[in-house]
Amino acid sequence: MAEQNSGIGISIRNLYKIFGSNPEDYIDAVKGGMTKAELNEKHNHVLGLKDINIDMPGGGIQVVMGLSGSGKSTLIRHINRLIDPTAGEVIVGDEDVVKMNEAQLREFRRHKTAMVFQKFALLPHRTVLENAVYGLEIQGLPREEQEKQARRWISRVGLDGFEDNYPNQLSGGMQQRVGLARALTNDAPILLMDEAFSALDPLIRMDMQSVLLDLQKEIRKTVVFITHDLDEALRLGDRIAILRDGEVVQQGTKQEIVLRPADEYISSFVREVNRGRVISVDMVMAPLSGEPKGMPIKTGTVLEVAAKRMTDSNVPEAHVTDASGTVIGKLAINEVISAMVTPVDHESAAA
Amino acid sequence: MDWFTKFPAMDTDRLTALKKAIDLGFRNFTRAYGDVFETALYPVQWFMYRVEQLLTQSPWPLVILAFALIAWLASRSWKITAGVVVTLLLIGYFDMWDDTMKTIAMTVVATIMAIILGIPIGILMGRSNRVQSVLNPILDVMQTMPSFVYLIPVVMLLGIGRVPGLIAVMVYAIPPIIRLTNLGIRLVDKDVLEAADAFGSSNWQRLKNVQMPLALPTIMAGVNQTIMMALAMVVVASMIGVQGLGLPVLKAIANQYFTLGVFNGLAIVGIAIIFDRTSQAYGKRLQKHLEVVHG
């Protein structure tokens, strides 16, 4: 359990994936700068991932965002090697997944990772309970232990009383809860979620996001979450990497992405974001000069909440305090509001 | 222009020599290995004999009861169970009981053997494109070759009687179970397979937990087809001394006994329907999890 609290970090280094009949033949050319279009037109190979470098700290939620065809699902499948890379390393903890042999890889998948899928991928001939125990059954644990764990997680994701139902009898949202329970029952330190909530309707998706965030406070697993939805990315991600055409275009915290979008592509996403709910007061506060004025606001509070509290109490200024109550900066209402309403593009962000 | 109007075939002497050479080769083969095959097939013969003995020598009410029980367990349907009992009673009343039991014994043993051999072959085929491309043409030949033709080598190798008949029936009946096992394995949802892999399933666990259960409805359709093919072959097999309902039919053809032919033919139809409905109902029950769909 101690291991779980600190979490196992994942580090992806110089990862390349070329799809086609002879990917090895073109890896040097791609490393030397051959473009995706050239590789596709002249050699009929598809460049899936190009020079991916992402460090995912243990115990946090790393979101990988991108539109369809950006390579995000390919990327997550490299972490448990459902797809073999053409070149590069995937270091999980202190092991390179790419170098594992078949038996090692099987052990790694059984004990280190669990996965949740976009289309749920439940076993249709098994009940909810029988689905949830799958990972432990594969590991060969005693049946009693399997069921004890599974029942706990089934209950934790809110499926009490559905243990003996078949997946077909459940709604999409409930099926994905089964998918989540199956992954959590496996009790692996790494949770891979491939567009896990994308197939659900918006309300249920919000609901599932809350379930995940709630659980994460307790389990502190290393979560890799794939999505095409920026709102979802900002809601869940401690860190976000944005993929386009198989390349990482930007990675960082959500605030960094919203405040300093790296290029036009990302600005176009970010423009639609409710900035008041993403940016925290820490990003707009000025260094404290003189006595702290107005009301105290905790570090990490998002702008929307800060603005609401300041206007409610009708004060133009406030000061930001850290967890211990020490004052770390000052805040003016006009700066808060301007940060909420100014759309940032990558040029002004750079300025 | 002679070659234009008449096909330039191989000249008769050479053709005869070729046929003779092949025949001689095969005859030598049967002389050398006939005993080996016979010994190897001894357990099959024993099993076949036992099943036939059990069915023909048990008191008929017990046999009907046993069939009714099997039909009930497989289908859980009163209609099908009643149909089985009535059909068997009628067959008995028209004095075809012994022949029918012999035919059922042959069909059951041939089907069991086809399942034992066919499912593993189908699995291999489903897992490898190479195996599939090798086996597919062989299965095509097995299914299109007139069934009388492969009675010949079987008789040369094993003589006449139950076992050669059984082999001939099985060869004729095995393609559907192989093909449908292959199809069932290939149709398993890729996403579910990926999930099984992601949780670290070994090949065997993948097969046992995912591929076989999900392919089972398709495999059951194959079993059903295999039973039907085996029944169809029983009449042909009577030409090489297989006893049962086929023999009276053969006799009826030779002597133009219309009623004898029709009665025995109808008995075959009757047991075909019994087998078909029961095995289909069983296959459907296996898919129970698919029936109730969230609305």
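Visitor: How many helices and how many strands does the secondary structure of chain B come to?
Guide: This is a predicted model. From the N terminus on, the elements of chain B run α-α-α-α-α-α-α-α-α-α-α-α-α-α. The count for chain B is 14 helices and 0 strands.

Visitor: What share of the contacts in chain B between residues at least 6 apart in sequence joins residues at least 24 apart?
Guide: The C-alpha atoms of chain B fill a box of roughly 75 × 55 × 45 Å along the principal axes. Of the 295 residues in chain B, 36% are buried. Among contacts between residues at least 6 apart in sequence, the share that joins residues at least 24 apart is 77%.

Visitor: At what angle do helix α6 and α11 of chain B pack?
Guide: Helix α6(B) covers residues 97–127, and its crossing with α11(B) is right-handed. The axes of the two helices lie 9 Å apart. The packing angle is about 145 degrees.

Visitor: How many charged residues does the contact of α6(B) with α11(B) have?
Guide: On the α6(B) side the residues include B:Met106, B:Ala110 and B:Ile119. These residues belong to a set that meets residues of α11(B), among them B:Ile219, B:Val223 and B:Leu231. By class, the contact has 13 nonpolar and 4 polar residues, and the number of charged residues is none.

Visitor: Why does B:Arg179 count as buried?
Guide: B:Arg179 lies in helix α9(B), residues 162–187. Leaving out residues up to four places away in sequence, B:Arg179 touches B:Leu139 and B:Gly222. A residue is buried if 20 or more other C-beta atoms lie within 10 Å of its own. B:Arg179 counts as buried because its C-beta neighbours inside 10 Å number 22.

Visitor: Which element gives the largest share of the side of chain B that touches chain A?
Guide: The contact takes 22 residues from chain A and 19 residues from chain B. On the chain B side, the elements that give two or more residues are α10 (190–198), α11 (203–237) and α14 (288–291). By class, this side has 10 nonpolar, 6 polar and 3 charged residues. The largest share, 6 residues, comes from α10(B).

Visitor: Over which residues of chain A is the pLDDT below 50?
Guide: Chain A averages a pLDDT of 88, and 95% of the residues score at least 70. Where pLDDT is low, the predicted coordinates should not be read in detail. The stretch of chain A with pLDDT below 50 has 6 contacts in the model beyond near neighbours in sequence, and covers residues 1–5.

Conventions. Residues are numbered from 1 along each chain as its sequence is written. Chains are lettered from A and ligands numbered from 1 in the order in which they are written. This is a predicted model: local features need pLDDT of at least 70, side-chain atom pairs count only at pLDDT 80 or more; totals for chains, interfaces and linings use all residues. Two residues are in contact if their C-beta atoms, placed from the backbone, lie within 7 Å. Helices (H or I, at least four residues) and strands (E, at least two) are DSSP runs, numbered from the N terminus. Ala, Val, Leu, Ile, Met, Phe, Trp, Tyr, Cys and Pro count as nonpolar, Asp, Glu, Lys and Arg as charged, and the others, Gly among them, as polar. A residue is buried if 20 or more other C-beta atoms lie within 10 Å of its own, exposed if 12 or fewer, and partly exposed in between; C-beta atoms are placed from the backbone. pLDDT is the predictor's confidence in each residue, from 0 to 100. Axes are lines fitted to C-alpha atoms, for helices over the stretch in contact, and angles run from 0 to 180 degrees between N-to-C directions. A crossing is left-handed if the near helix is turned anticlockwise from the far one by less than a right angle, and right-handed if clockwise.
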